[in-house]
Amino acid sequence: MFSKLKHAATTMSDREKLRRILQQQRATLTSEQTMVGSDTIELDQSRIGRLSRAEAMQDHEMSLEVRRRREAALKEIEHTLEHIDDEDYGLCDECGTAIAEGRLVLNPAARLCIDCATAHEQRNA
Ligand SMILES: [Zn+2]
């Protein structure tokens with residue numbers, strides 16, 4: 001039985017860097033969420049004049065979808081920020097190996113290593 005600490009690839013300074021990336025991502029998503037705000041909930045009358053009702057509804061559905069995705073991403077970020085100090089942060093949920101630092105920098109909320117993520121994508125394709 002190996003100690004989990006032996007596997008943890010991310011050092012404290014790495015985690016600080018990743019924490020700042022997450023906070024930055026959270027700030028961006030939050031401000032985007034506030035910006036789109038109420039006009040995506042109610043259909044804008046002036047736009048209905050130009051678009052057909054079906055197009056307006058489709059547009060509305062799309063912005064709701066974008067909003068849902070943004071909320072899901074925000075949740076992921078919050079979750080990661082809560083667990084970034086855990087000793088198993090940065091380890092793949094599936095196989096337990098350390099997730100490459102370059103991958104974490106691009107997406108600090110990543111929970112799978114590149115191999116497992118690729119395997120998932122191929123299964124879902
Ligand atoms: Zn893995």
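Because the model is predicted, local features are considered only at pLDDT of at least 70 and side-chain atom pairs only at pLDDT 80 or more, whereas totals for chains, interfaces and linings use all residues. Residues are numbered from 1 along each chain as its sequence is written.

The mean pLDDT of the protein (the predictor's confidence in each residue, from 0 to 100) is 84, and 80% of the residues reach 70 or more. Confidence is lowest in helix H1 (residues 4-7), with a mean of 48, and highest in helix H6 (residues 114-124), with 94. Over residues 1-6 the pLDDT stays under 50, and the model has four contacts for this stretch beyond four places in sequence, a contact being a pair of residues whose C-beta atoms, placed from the backbone, lie within 7 Å. Where pLDDT is low, the predicted coordinates should not be read in detail.

The secondary structure consists of six helices and zero strands, where helices (H or I, at least four residues) and strands (E, at least two) are DSSP runs numbered from the N terminus. Of the 125 residues in the protein, 8% are buried; a residue is buried if 20 or more other C-beta atoms lie within 10 Å of its own, exposed if 12 or fewer, and partly exposed in between, with C-beta atoms placed from the backbone. Among contacts between residues at least 6 apart in sequence, 61% join residues at least 24 apart.

The number of buried residues in H4 is two, so the helix lies largely in the open.

Met 12, in helix H2 (residues 12-36), is exposed, because 8 other C-beta atoms lie within 10 Å.

Cys 116, in helix H6, is partly exposed, with 17 other C-beta atoms within 10 Å. Beyond its neighbours within four places in sequence, Cys 116 is in contact with Cys 92, Glu 94 and Cys 95, while Asp 93, 23 residues apart from Cys 116 in sequence, is 9.0 Å apart from Cys 116, C-alpha to C-alpha.

Note on methods. Two residues are in contact if their C-beta atoms, placed from the backbone, lie within 7 Å.
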